[in-house]
Amino acid sequence: MQIRTLLASAATVAVLAGCASGGSQTQSGTADSSAGMSSNAVTYEGTLPCRSCDGIDLTVNLNGTESSPASQRTFTLEADYMNHPQNPDPEQYEGQWETMTGTAVDPQATVYELTPNGEGQIYYFQKIDDRTLELIDPQRRRFENGQMLRLTRQ
């Protein structure tokens with residue numbers, strides 16, 4: 001199963017009102033001390049709806065800050081499908097993230113663009129507040145069931 005399926009599933013569920021309930025799990029922020037870097041690492045987690053399973057546990061680790069140099073803004077993303085009939089292995093991606101400004105309805109919104117190394121879907125998350133990210137579409141529009149597409153941190 002490709003990570004593209006995650007976004008496609010989320011979009012489909014957004015349109016069809018989904019069958020799985022969204023939820024949040026707890027996260028923690030830590031400091032990155034590797035190679036003398038002083039960037040922060042923050043973890044966001046949540047459960048996205050899934051048409052053919054009980055949900056997709058999504059974990060996103062963002063290293064660096066919005067003001068960090070591009071080389072220090074890295075991410076890892078893991079998607080784990082719960083009770084999927086095909087029982088796929090968790091999908092894992094890593095790459096760089098960028099900060100963008102503006103969405104289709106809010107020109108001041110902060111959006112994180114996560115671009116995996118090699119193959120993989122580019123992900124867009126709107127920063128709702130300091131503790132919440134919401135998966136949005138590539139045109140930077142919110143899905144109808146945005147509340148179910150949120151990841152949180154502590």
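Reader: Which residues have the most contacts inside the largest nonpolar core?

Author: In this predicted model, the largest nonpolar core is made up of 24 residues. Strands E3 (40-48), E4 (55-63), E5, E6, E7, E8 (123-129) and E9 each contribute at least two residues to this core. Inside the core, the residues with the most contacts are Leu58, Val60, Leu62, Leu114 and Phe125.

Reader: Which residues does Phe125 contact, leaving aside its neighbours within four places in sequence?

Author: Phe125 is one of the residues with the most contacts inside the largest nonpolar core, and its partners can be listed once neighbours within four places in sequence are set aside. The contacts of Phe125 are then Leu58, Val60, Thr110, Val111, Tyr112, Leu114, Leu133, Glu134, Leu135, Ile136 and Leu151.

Reader: What pattern of helix and strands does the protein chain follow along the sequence?

Author: The protein chain holds one helix and ten strands, and 45% of its 154 residues count as buried. Among contacts between residues at least 6 apart in sequence, 45% join residues at least 24 apart. Read along the sequence, the pattern is α-β-β-β-β-β-β-β-β-β-β.

Reader: Is Asp137 buried or exposed, and what is its relative accessible area?

Author: Asp137 sits in the loop between strand E9 (132-136) and strand E10 (150-152), where a polar atom of its side chain lies 2.8 Å from the backbone nitrogen of Arg141. Not counting residues up to four places away in sequence, Asp137 touches Tyr124 and Phe143. Since a residue counts as buried under 20%, Asp137 is buried, because its relative accessible area is 9%.

Reader: Where is Arg140 found, and what is the value of its positive phi?

Author: Arg140 is found in the loop between E9 and E10, and this residue counts as partly exposed because its relative accessibility is 22%. Most residues other than glycine have a negative phi. Arg140 is not a glycine, yet its phi is positive, at about 60°.

Reader: Is Asn87 buried or exposed, and what is its relative accessible area?

Author: Asn87 is found in the loop between E5 and E6, and although this residue is not glycine, its phi is positive, near 50°. The cut-off for an exposed residue is over 50%. Asn87 is therefore exposed, with a relative accessible area of 62%.

Reader: Which strand supplies the largest share of the lining of the largest pocket?

Author: The largest pocket contains about 190 Å³ of space. Its lining is formed by Asn40, Val42, Tyr44, Leu62, Gly64, Thr65, Glu66, Trp97, Tyr112, Lys127, Asp130 and Arg153, and among them Leu62 is also one of the residues with the most contacts inside the largest nonpolar core. The largest share of the pocket lining, three residues, comes from strand E3.

Conventions:
Residues numbered from 1 in each chain as written. Predicted model: local features only at pLDDT ≥ 70, side-chain atom pairs only at ≥ 80, totals over all residues. Heavy atoms only, no water. Helix = DSSP H or I, 4+ residues; strand = E, 2+ residues; numbered from the N terminus. Buried < 20%, exposed > 50% of the residue type's maximum accessible area, 1.4 Å probe, protein only. Polar contact = N/O pair within 3.5 Å; in protein donor to acceptor, adjacent residues only side chain to side chain. Contact = heavy atoms within 4.5 Å. Core = buried A, V, L, I, M, F, W, Y, C linked by side-chain atoms within 4.5 Å. 1 Å grid on protein atoms, 1.4 Å probe; cavity = no way out; pocket = protein on both sides within 12 Å on 5 of 7 lines; lining within 4 Å. Points joined across faces, edges and corners; volume = space filled by probe spheres on them.
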